[in-house]
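Please read the following report alongside the sequence and the structure. It takes one place in one chain as its starting point and then widens the view.

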Amino acid sequence: MKAMNPVLKALIDYAVPIMFILLVAVAAPLSGLSVEFLANEVMMRLARNSFLILSLLIPVMAGMGMNFGMVLGAMAGEIVLILITDWRIVGIPGILLAMLISTPIAIVFGYFAGVVLNKAKGREMVTGLMLGFFMNGVYQLIVLYGMGKVIPITNKEILLTRGYGIRNAINLEGIRQSLDNLIKLNLFGVQVPVATLLVIAALCLFIIWFRRTKLGQDMRTVGQDMDIARTVGIDVDRTRVVSIVISTVLASYGMIIFLQNMGTLNTYNSHEQIGFFCIAALLVGGASVAKASIPNVFLGVILFHTVFVVSPRAGAQLIGEAQLGEYFRVFITYGVIAFSLALYAWRRKVERENERKKQMMLHRAALQGKGGAGFAQADR
Amino acid sequence: MKEKLQAVISGIGLPRLLIGLFLVSLFVIAPFVGVRVDTSINDVIARFAMNAVLVLSLVPMIKSGCGLNFGLQLGVIAGLIGAVTSLELKLIGLAGFLAAMGIAIFFAVIFGWLYGILLNKVKGDEMVVATYVGFSVVSLMCIMWLVLPYKSPDMIWAYGGSGLRTTISVEDYWFHILNDFLKIELGSHIEIPTGALLFFALLAFIIWAFFRTKLGTAMEAVGSNPEYARSCGINVDRVRIVSVIMSTVYAAIGIIVYQQSFGFIQLYNGPLLMSFPAIAAILLGGASVNKVKIWNVVVGAVLFQGILTMTPSVINNIIQSDMSETIRIIVSNGMIVYALTRKMKVRA
Amino acid sequence: MRKLIVRSGLVVILILLGVFLYVIGKEHVLLIDNRDFTHEGVTYQAAASYEVWVDGNQVGRTALAAGRRGAAYVAGPRHKIVVQEVAAGQPVGEPIERRFSVPTGAYQITINIPALVAGAESFVYIVE
């Protein structure tokens, strides 16, 4: 079993971020956007998305892979924001209340997702993906049909003309930029939403602390090897469910932060893409299905969103069609995920085959040893 | 008596039984809420004929152990290229249809081969990689549809002058060419698209016959126990690639059958989510991630299209509003989630 | 058992927090009327123009003339209103300052200036 050349290994491990850095280096100047504009855009997107992406870290720790089910948390956040807007609660109290109410809803969604994912061990990511689609249907049931009929809505502005069901886009005027504007600095021409960044920093600290708790350690054990965890006495199923619940709750908060920055809620579309974009960003930052840490989040969000901002214009310059830039940007998102997942799956396969070969060699050596020395080496 | 009943239930599978009963009950309720039973039957048959080949395309990959083909879009795109090129060459009628299929199969073989090589490299995680490869290729093709030098005025944007439209009609070319072949009309509301059904039967027969050949049995062996197959001297990787090519080719044929019935070619993001209904259908028919029989395809497609047709129309009439899209999302994806949570049969 | 009590206590605290946030975050529209107002048999006439400030922010960019209505958006139950009579652009007399409460359940509240200036108790009311 050969050891891989360390330089080659590093290149493969970080293939995706390297590709993206090259992409940025090429496309950014091509787009003709000023550095100040880019810096502002990226800062805004960093503040907007980081919380959501951070919510993905804990399931990776527990061996659940990329939590495509974070969409469920996002939906919980959206439902609550619709209610807050209907009740006309504004400003910071509005955001805090939204987070407060979304917590139990997200816990229920997360628990459901966790139980389902436990039944699909080995296929968590596909199941999470399909679960997200399924819950989208349930969400529509609640928001497009339930609200106004079963759930009382008094604010007529957000209802569809037929009397029930929420409109396609809701103005979140009341909480627009409430967190962002709380403490705002202007550094070298770049708007910095300090309060939001402080909240993100708090989450980072929480994650770092969490890793050291018993629950966190349990999760890492489960993530590394479920059988070993079981023999040590950890309730594997429960730990996995808890990891998804935490992730879902964090995702709901993250969605609330995201939406307060956007100022508008695209009732039926916001959450669909959020899953893909966040996972893509995390993968771009160098994370893999088995390993994801905080630096991956920030590197990823900066690289991914820079490409995001830059590609429509770059596409227009290059080929003459701005629409191409749009498609290019979507292609990059999916392509990155596909490439990262394929890379990871390939490496896992190689590792499994190496493990198998090693076992066979040990077995063979044991058989030979048995003939020679008279007792067999037990192999696992 | 009770044991026999239980045996029958587990033979059919509880979910299937429930959905079957649900479908029957919908048909029973239908007349009472103003939905015509005969038009409904017509719709179900028509939609079955439209979608069956796409569902059939999943069979080779399941048998060979590659899992559910979440990358069905690759075959669909090969089919789209075939259809669009056939229109560009201004071929109509049977010639157009056959040309579309021929070109589609050509591209499907190439795509399937590359796709098969990729899947071999990611054994064990095929499904999730396939999903995103499928999405990426659809997005890439969005760029291509705009850029490729197609000129036929029926297909390009009227004002832009270049780039294909999102939806292209096949009305004047080979619309309903299969459906109308030997069409049978029962009464004024039921039209059986015999041609399409015969075509499906032919394709299904080809698959059935294939799995009785040496290569076919080898494929099944690879699917149920790769180690044993390898020790028998079967080149596992090569057989898997063949199965992927077969699935992709069938998917390409399937989308053309779909288009001749539907009447339109849908480009850009049309194919994006096409793998999911097909997968839901075959799972509903009793297949699992690694086990499938031809009748799963038939039963599944009928049940799935039945639910998709009946539930919206009946429920819409009952509660006086249009819930079809939402119901479709819940049923279709719910089925897939359910199937994914089933324990995989232990490989011998 | 003790765990149950602690957990229930936490839940109660969170619910109270929720109610608190709801009350202080609830948005209200204050309609500031400089119009004639009749209440309990007494009629207050709108006579002069006033500049109005609610919670430190001026309502409208100019003074509110007699017969006009202005609007202010506020959140929470307790607020301060300052009214300054102006004539021909110059302030007349001293500004009048009043504090008032808004019931949380109401969205639209009307404040009547002449009543306020006259020192009436009930210058804040809700129109159904």
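Predicted model: local features only at pLDDT ≥ 70, side-chain atom pairs only at ≥ 80, totals over all residues.

## A loop residue in chain C

V92(C) sits in the loop that runs between β8 (90-91) and β9 (96-101) of chain C, where strands are DSSP runs of E with at least two residues and helices are DSSP runs of H or I with at least four, both numbered from the N terminus. V92(C) counts as exposed because it has 12 C-beta neighbours inside 10 Å; a residue is exposed with 12 or fewer other C-beta atoms within 10 Å of its own, buried with 20 or more, and partly exposed in between, the C-beta atoms being placed from the backbone.

Once neighbours within four places in sequence are left aside, V92(C) is in contact with E85(C), V86(C) and A87(C), contact being defined as C-beta atoms, placed from the backbone, that lie within 7 Å. The C-alpha atoms of V92(C) and Y50(C) are separated by 9.4 Å, although these residues are 42 apart along the chain.

Residues are numbered from 1 along each chain as its sequence is written, while chains are lettered from A and ligands numbered from 1 in the order in which they are written.

## Chain C as a whole

Chain C has two helices and 11 strands, and along the sequence these follow the pattern α-β-β-β-β-β-β-β-β-β-β-α-β. Its radius of gyration is 19 Å, well over the 14 Å that the globule rule gives for 128 residues, so chain C is more spread out than a compact globule; the radius is taken over C-alpha atoms, and the rule is 2.2 Å times the number of residues to the power 0.38.

Taken along the principal axes, the C-alpha atoms of chain C fill a box of roughly 70 × 30 × 20 Å. Of its 128 residues, 26% count as buried.

## Two residues with positive phi

D55(C), which is not a glycine, has a positive phi of about 50°. D55(C) belongs to the loop between β4 (49-54) and β5 (57-58) of chain C, and it is partly exposed, with 14 other C-beta atoms within 10 Å.

In chain A, Q177(A) is likewise not a glycine and has a positive phi of about 60°. Its place is in the loop between β1 (169-171) and β2 (184-187) of chain A.

Note on methods:
Contact = placed C-beta atoms within 7 Å.
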